Structures are given as structure tokens and as C-alpha cells.
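Subject: A structure for you to look at

Hi,

Here's the structure I said I'd pass on. Have it open while you read, and then go through my notes below.

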Amino acid sequence: MPDFTITKGEKLRGDADFLREVISEHLHFTLGKDKYTATKRDLYECVAYTVRDQMVERWINTQQQYYDADVKRVYYLSLEFLIGQTLQNSLVNLELLDNCRKAVHDLGFDLEQLLEMESDAGLGNGGLGRLAACFLDSMATLRVPGYGYGIRYDYGIFTQTIQDGNQVEKPDNWLRYGNPWEMCRSEFLYPVQFYGKTVSKNDERGKIYSDWVDTEEVMAIAYDTPVPGYNNDTVNTMRLWQAKSSRGFDLHYFQHGDYIRAVEDIAITENISKVLYPNDNIFEGQELRLKQEYFLVSATLQDIIRRYNKGHLHLDLLPDKVAIQLNDTHPALAIPELMRILIDREEVSWDKAWQLTRDTINYTNHTLLPEALERWPVDIFEKVLPRHLEIIYEINKRWLEEVQRLYPGDMGKRKRLSIIEEGDTRRINMARLAIVGSRKINGVSALHSELLKHQVFKDFWEMEPDKFTNKTNGITPRRWLKMSNPNLSHLITQKIGDKWITNLTELKKLIPLAEDSHFRSEFAKIKKINKERLSKVIFSETEIQVELNSLFDVHIKRLHEYKRQLLNILHVISLYNRIKANPEMDWVSRTIIFGGKAAPSYFIAKKIIKLINSVGEVINRDKAIDGRLKVIFLPNYRVSLAEKIIPAAELSEQISTAGTEASGTGNMKLALNGALTIGTLDGANIEMMEEVGEENFFIFGLKEEEIKALKEGGYNPLDYYNTNPELKLVLDMIRNGYFSGGDKALFKPIIDSLMGEDAFCLLADFGSYVECQNRVSELYRNKEEWNRKAILNMAGMGKFSSDRTIEEYSQEIWQLD
């Protein structure tokens, strides 16, 4: 039996023997277990507690150093943090992975199996939340005094299962077994108010002020998670808020036998942090969503002011000591809330409060899609946040006075610049509020930022051009290369040293190695190992065997029409038809791998999932294809699954309609792991192509300005349907029930969408996409050249580290020393 002997009294250290002893100690004293009753989950928890122990002293010291130096602090407000699993990432950043593996082995367990016991912390929908997680990693690694603030949802992004080819959603009870990484900070408990009314009153000096009365109160309690930097002593904090009722058990109802009513108010109150909204690209004006946004903002700002006041007697220095970053419009209520705190509680004058607010808050925009911009109906605001509505009205009044001064009599300008949208339903445009109330506004790729300035927020940019800037997104190389792809990471370090881990531009040193046949051979061996690992995952999930020598063609991201998974499956059908028509030809084998979730209410996206699975069912069982084409849909795409797919990918599908993707970060992760990209000139694809060279990138499709001109000229999808026989055949097969057992109605909504508006121009780009895919196949025949280009793609990813992004934020937006 394993030996769980404990030795006490030794100082904290990271060698395998000491880690084994501490794990054993936690098994006995934290879990109350012994070697006879310990399970894998028990051992995972003990390892997690042991690793957390390694962080705690650094964590405390880090926070104390921030106080001692009175540093300016960054507060990153995000409704989403897509953290994924924490254990392995922490082991990598603390450089304890090998020692921990040995310690666990000595106890009779396999670390790899223990890692699988951890639930993903899926507190986000996709790129927005994952970016926030990467930023926290980079802030800690760069020793930026940063804090992430979000909500501790009881249920994260739903668990996706596939039944009869359809997406079925199940609750993601990620806290089912608890969370060993967090610490409840019950001393940080803040009241958050909703509803009620405002009344005008006179203070003792005769000054009129607005009092928010008759409110309902919810308590926000803090849960902290340590965020370690890589190979340094910095440990920052992610603080998540959970809603708790301020009212206790209602004994009156209980005594009269109404047991449900006795706890009903508590349950309703605590719904605020119950579940993550499973959609970040279609705005839904739900009251609960508004309450979640204000809950996050109110608790966070109270916490920020509390921390600031510990070292300062007045608020004049707030912008010198505090930088607040809004991750999209969800936390934009921070602007009227900070104004409310300053005016109503701190009795600061309006003008001074407005100056402090605008100098403290900054706003990142993440979307170009009009339907994704938050536009709250005024009547919901009036009901839930009446005081904030008053403040927004006053902000808008003063703002429009400035508009009138600069553009006298220009009513069109006034309408386009107003925070309040008039119409049948009056609405508050939260993006406009965020722009007006922030010091800096940034997009997340060069193209995206230009489109914000010249199209989406053109009038605002013309009025205050210096406020707008670009900060191209990035990814943390610690998780997305060193951790996820250890064999490739080792090969790179062996050849160029390990400085790339914190300075990704070091990968430029790989450029000459792309010409080295031995290095290409080693790279190819590692790719094959990663493909073997993924093939086992695929078989485990789908019972489909895939050909290891096939091209692993990967399309992993949220299901949305603008991301054009549908265009991919149209090409798959055309490829299927070509193979069927000419089975004797030497076709390049492909395994097309899809992964992604559709929002539960997103009808057409869920239909696309069904189509992908239906096409896969037909192709995968067709013996005439002889395994040369396989279609895989991996269910429940999440961070931990991405960490298995990305290292094995050879072709990265980044095929959004030009002008719709703000940036994309999956494109960066895949290229960093040696995948070639097929994509449009959209988002960060453009900058990636510039870094790696157009000759090493598969670009197709209409450009953003061409899409705009096509639509303005009266785009007719039928023109492409009628003039492209291959496209016509593909669409007719879907329409006539070839992939639905003869059921012509099943995919009619998809066909109607494509033949009618085709809002994202799939038919216009189909021919170019197919031709580009032909070039992909031809290159893949020459494995040496393919691997050479793959290595050059890796070498060009230095710019796309989140470390570089955070450095730019720190210097140009947050103005840190």
C-alpha cells in the first residue's frame, strides 16, 4: 500500500518528498481520510490544497507589497472568466509539475488521472471570458498589480450533449464537489440595492440631493482565487461575488406551515449569481441580466473604494491609484454607479465626480454586430435602478449640450450621439454610455479598431479622436503552449532556450530551423503523438476511428452564423461529392473536427449543429469513401478539451465574414501550436498574416469593404447558386433531404436563410473558399513543405502573447509606472 507518512515542522519547499508529505497531511487532516479510503478525487483535492499552500505566502506578500508601495492598481471587470482547469496551469507557473508528478506517483497514483478529476470553471461563453483569464495570467507574470472581478456563478456555461445529432443542454454544476482553489472572504460583504424610488431632499445646508429609498437589498460575498505569475513570487487575485439574501429565514410563514414561502425570498434573491447567461452575441433584455451586471459593478466599486480609502484621506487621487477596465459593455454600469457613490455618498460635486470617473474608467469593445450591443429599455432601468437612470439622464443632458456647442443645429448628429435612443421603446445604449464615460476606448485588433472609428462609432471618434486606440488581443503561452503541448515546448526550449515562455518574440529564432530537416522531422513526430492522443479522445467521445495520416482540419469556436461553420460543412459536402464521383483518384484524406456550443435560444445555430452531425453520419458510414473523409463533432467544447485538440490541429479554420470578428484568439492558439490557417481578412487574421507572411497563410474571400459594397449594391445569393454548379448541387442535396433521411423540412430554415438574405455572404465566398481548400490539399501532399510553413507560423506568433497586450494596456491606457 502507498505510504502516507507525515513529517511536520519543515519549511515550505517544492521538492517531491516535501510535496508528498503535505499531500498526505491534507488527506488526513483536511479530508479526514487514510490510505484505505482515499479515492482519486480525494487525492486531486489534496494535491490542489498542497499547490494552493505553495501560493498562499506569496499571495499575502504580494498584496502587502502593493499596500506598502501604494501602487496604482488595475481592476479588470468582466461578467465572464473562462478559467478552465487550474491545477496543471498552477503547477506550470510555479514550476512544480515534475516534482508533483513524482510525489503523486510515490503515493500510488497517476497525476494525469488526477488532472481529469477537476471540473472546468466554465464561467464564460467563449473568447471574451477566455481572454479575461489570459489577461489575469499575464498581469501576474508581468507583476502588474491587477485584480479580476466577476461573478461566482453556481452554474457555468451549460454542458452540451448530442442526442440524435441535436444539441441538448444540461446544467453545468461545476461546484458539485466544491472548489479547492477559492477562499471565502466573508468579511468582505457588501449590500447591493435594487428597485425602490428616488426622492428629493434638503440636507442641513439646504442643498437638494436625491435619496434612493424603499430598496430591496442583496448581499455580495467575496470568493478569492490566487492567480500565480510564471516563475516569480507574484500572486494576484481573482475575486468573484456570490449573492446572498440580506433577509433570514421567514419564521412567520414557517410557523403557519408555508415552508416553501418561508425560504422563497432567499431563493429569489440568490438567483442573481445562480447561472451564467449562455449567450454573449445576441442581446437579451432580461431583468435578471441587468441585475447581474449591477450586482458585479456595485460590489466591486464598494470594494475598490474600501481598498483605496485604507491609504488615502480624500478621493482626489483616485485616477492616480485606480484604473478600471470594462471588459465590453456588461460592466458599463460602473460609470453611473461610480458617479452615484461620489455624489450621493461622498458628497463630491457633479463636475469633480465626472472628471474623476472619466479619468478612472476605460472601455474595451469586443463586437461589431449591432444585435450584440446592449440597449436596455428605459422602463426596466426605471424599475430596477431608478437612481442610475436619473444619473444617466443628467450625463446625457450635459453630453448633448457639448454636442450642440460643437455641432449647432445638427439634429442627426445629436441623435447618433445620444446615450438615450428615442423610438417606440426608449432605450439606453450602453456602448455609447461607456464611450462617453471612459478615458480610453479600445478595439481588439487593428481592423476592428478602424471599423469602430470609421463605422460603428464614427461620430464619437470625430468628436473625441484621442480617446480611441487599439490593443490587439493575445493569449498566454504558458497555458497554450508550455502546458498544453509539453513535447513541442520541450523541443523549442531545447533549440532556442526558455526565454520564449515570458518573451514570445523569442520564437523568431525558430525561423532558420524551419529549413532544418531534422527539426522538421522532430516537429512532425510530436504532431503525430498529439494526433494519436486526440484520436483516442475522439473515439472515446464518438466511437469513430480516424485516420492518423489524414489532415486534421479543425473548426472550434462558438456556433454563430458569422463564424460560418456552415460554410465549412458546405465545402465538406462538395468534397464528399468529388470523392464519390472519382473514387479512384488519389485524394488527400481529411478529418474535419468541429467543436462549439450554440446558445440555447439560437435556433439556426442549433440547426447547423444538427446539419454537421447529419452530414457526418452519412459520410462516416459510406464505405465508398473508404475513410478518406471523416466528419467529427466533439460535444461539450470547453477549455480542457481545447487543450487536447489544439496541439493536434494541422489546419485552423478562421473563416468569419470579413468585418464581423473583432479579433479571435483561437486563431492564435492554433498557429502557436503549428497549425496553418485558412481564413478571411478579418479580425486578427490580418495581423497574423502580416507576421508570418502571406505565402504561409491561406487567405480567401471578399474583404470587408467588398462585403459592404456587395450588400449596398443589392446582394442576391441566387446569382451564385445559379452560376456555380457545385454549390447548387450541395444546396440541393440538403434541401432534398439527402442528409435527413428524405425529410425536406428539417433543414429548410438553413436553405431559406442562404437563398434569401444570406446575411454573412456564404454563397458569395463559397467558390473562393473551395479553391483555397484545394490549395490546402495540394500543399499537404508535400509534408516537408507543410511542416516548414507550420514552423514559420509558430515563429511568427510572438506578437500575439497576452503579455504584449498587457504591457500596452499598462503603458498606454492604465498609465502604470
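Let's start with a pair of helices. The axes of helix 9 (residues 287-309) and helix 11 (residues 334-345) come within 10 Å, crossing at roughly 50°. Bear in mind that this is a predicted model. Angles of 65 to 115 degrees would count as roughly perpendicular and those under 35 degrees as roughly parallel, so helix 9 and helix 11 are oblique to each other. Their crossing is right-handed.

Which residues make the contact? On the helix 9 side, look for Tyr294, Val297, Ser298, Leu301, Gln302 and Ile305. Helix 11 brings Ala334, Glu337, Leu338, Arg340, Ile341 and Arg345. Sorted by class, that contact between helix 9 and helix 11 has 7 nonpolar, 2 polar and 3 charged residues.

Next, have a look at a pocket. The second largest pocket has a volume of about 670 Å³, and 27 residues line it. To find its centre, go to Leu368, Leu369, Pro370, Gln455 and Val456, the lining residues that lie nearest to it.

Which helices each supply at least two residues of that lining? They are helix 17 (446-456), helix 18 (458-463) and helix 27 (704-712). Helix 27 gives the most, with 4 residues. As for the make-up of the lining of the second largest pocket, its residues divide into 12 nonpolar, 5 polar and 10 charged.

Cheers

Definitions and conventions: Residues are numbered from 1 along each chain as its sequence is written. This is a predicted model: local features need pLDDT of at least 70, side-chain atom pairs count only at pLDDT 80 or more; totals for chains, interfaces and linings use all residues. Side-chain values use heavy atoms; hydrogens and water are left out. Axes are lines fitted to C-alpha atoms, for helices over the stretch in contact, and angles run from 0 to 180 degrees between N-to-C directions. Angles under 35 degrees count as roughly parallel, over 145 as roughly antiparallel, 65 to 115 as roughly perpendicular and the rest as oblique. A crossing is left-handed if the near helix is turned anticlockwise from the far one by less than a right angle, and right-handed if clockwise. Contact means heavy atoms within 4.5 Å. Ala, Val, Leu, Ile, Met, Phe, Trp, Tyr, Cys and Pro count as nonpolar, Asp, Glu, Lys and Arg as charged, and the others, Gly among them, as polar. On a 1 Å grid over the protein atoms alone, a cavity is a set of points where a 1.4 Å probe fits but cannot get out, and a pocket is an open set with protein on both sides within 12 Å along at least five of seven lines; lining residues have an atom within 4 Å of a point. Grid points are joined across faces, edges and corners, and a volume is the space filled by probe spheres set on the points.
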